[in-house]
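Have the viewer open as you read.

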Amino acid sequence: MIRISSPDSMRPEREYVYRLVFDVFLGVDYRVDYSPMNTQVQIRCDSIALVFPDIFFQSQEKTWLTDQYLAIVDPSADLKTPVWSEVESICGLFLNEQNDSMRNYAISEEGEKWRFTFDLFGSIFFLISRYEEHVDKSRDNHQRYRFESSILATHGLVSRPLVNEYVLFLRETLERVLPTASFKSHRFTQCVTCDVDFLRYPAVSGKFEKILYFLVQTIHGSGLKKSLKGLLSYLKALVGGYRFDLFNKFTEIASRARETNSTVIFYLMSGVKQVSQDGDYRLRNLIDTEILQTIKKYNVEVGMHGGYQSFENGDLLVEEKETLERFFFPNSENKLTASRQHYLRWTPGITAETLEFAELKYDSTLGFAEHVGFRSSCCYEYPVYSLTKRRELSLIERPLMVMDVTLLNPRYMGLASAEDAVREATKVKDQVMKYGGTFTILWHNSSLCTELEKETFLKITETGAD
Ligand SMILES: [Zn+2]
């Protein structure tokens, strides 16, 4: 049993972060004694007490959800760890400024007191709750928080699962002072997911728009030869059927997942055609395609891909979910549990709460469209905390780490070779493997048309679970 004494303020947030760290991630029994007399967090072990400064929660008590945190956050701090730690260095976001001599170290062993020089629990809460996204309201043209606004971008931290680093460092420290304690083990897994935005090549809605697409491509885009080639394959599928369609890649994705011992989820839309951003199919169109056979043959999990406008609209999300359930489970009470929002649209304080309202259990939207890596600095799934409701939601986040268009689209990272794209994705995957997390990637069925796309997909997914 881990015994923690804690300050009493910001109680819901503290309860959440202790449960997250000790129960969800470390899997140990723990008890917390809260008291207004406590000014720091202490873990009392046999003969040693671990002491943590209490900076973030204390400072935010009167300035909750404002940008006042900017005055105390220091993402540039690079603290040395002891030789017994596998964590190379600690980026302590909230530092104990009083202890100047220890400013470059993550922990100082002072007899019976081992003092952490950074606010471990506050840093975990700040990152995993996406506090900065809630406070900074600037958005891109899809109302998404911009990667460039994040301290993860400005301080080059997006490729580090900082939360996992903190948790491993805490675990290593506990192992030294409580040698008999045993902790949960985490094993690496890979999850290949496919958002079905477009069923038929090319990626625009309607037959007329598709023809127009080829014309525009010829004049402004890829040139006559490439455009003609595209038009021919479109006509081939029109005449010969869906098996010739360039976007019919469902078997390839599902069989790749099976080959690499990965789990696989197809996220399907039922709210298409509400706005122009909403894909090119209705559910009944699926009947003539190979998606349904692939789902059955490979035991693919079906998830919901909420339409463009559903990220802030609970009633719409419920309607879309029920439409999908009627289609996929016509004679049973089965419910969909997994979800990802179209365009990765996510409004803090609204989207997660909306997903919970629709009784969805898992979300996998939280990755940056502009850059691969760890948007919530974590490679384990975790329960989502609502900063507005001030409670843990029943929704579990399965963080998204790599998306095809993030790597290859010129609007985002725009990497021109498979080698570069694989290198960037592998940097992230190596971290997930180190911490035994789940490497979740999103590969659209519309992103396996070129050699670059195919090679990148195959190489990134090469190593699955043992
Ligand atoms: Zn989508």
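## Helix on sheet

Helix 1 (residues 11–25) lies across strand 14 and strand 15 (391–397), running at about 175° to strand 14. Helices here are DSSP runs of H or I with at least four residues, strands are E runs of at least two, and both are numbered from the N terminus. The angle is taken between N-to-C directions on a 0 to 180 degrees scale, with axes fitted to C-alpha atoms, for helices over the stretch in contact; contact means C-beta atoms, placed from the backbone, within 7 Å.

This is a predicted model: local features need pLDDT of at least 70 and side-chain atom pairs 80 or more, while totals for chains, interfaces and linings use all residues. Numbering starts from 1 along each chain as its sequence is written.

The open sheet has 9 strands in the order 14-15-13-12-11-10-9-17-16, with mixed pairing (strands pair if DSSP finds at least two bridges between them). Strand 14 (382–386) and strand 16 (402–403) sit at the edges with a single partner strand each, so one side of each has no neighbour in the sheet.

Further in, strand 11 (residues 301–306) runs parallel to strand 12 (residues 338–341), joined by 3 bridges. H305 stands opposite R340 in strand 12.

## Domains

The domain assignment, automatic or from a database, gives domain 1 (2–177), domain 2 (189–199 + 247–461) and domain 3 (207–244). Between domain 1 and domain 3, the C-alpha centres are 53 Å apart.

Technical notes: Two residues are in contact if their C-beta atoms, placed from the backbone, lie within 7 Å.
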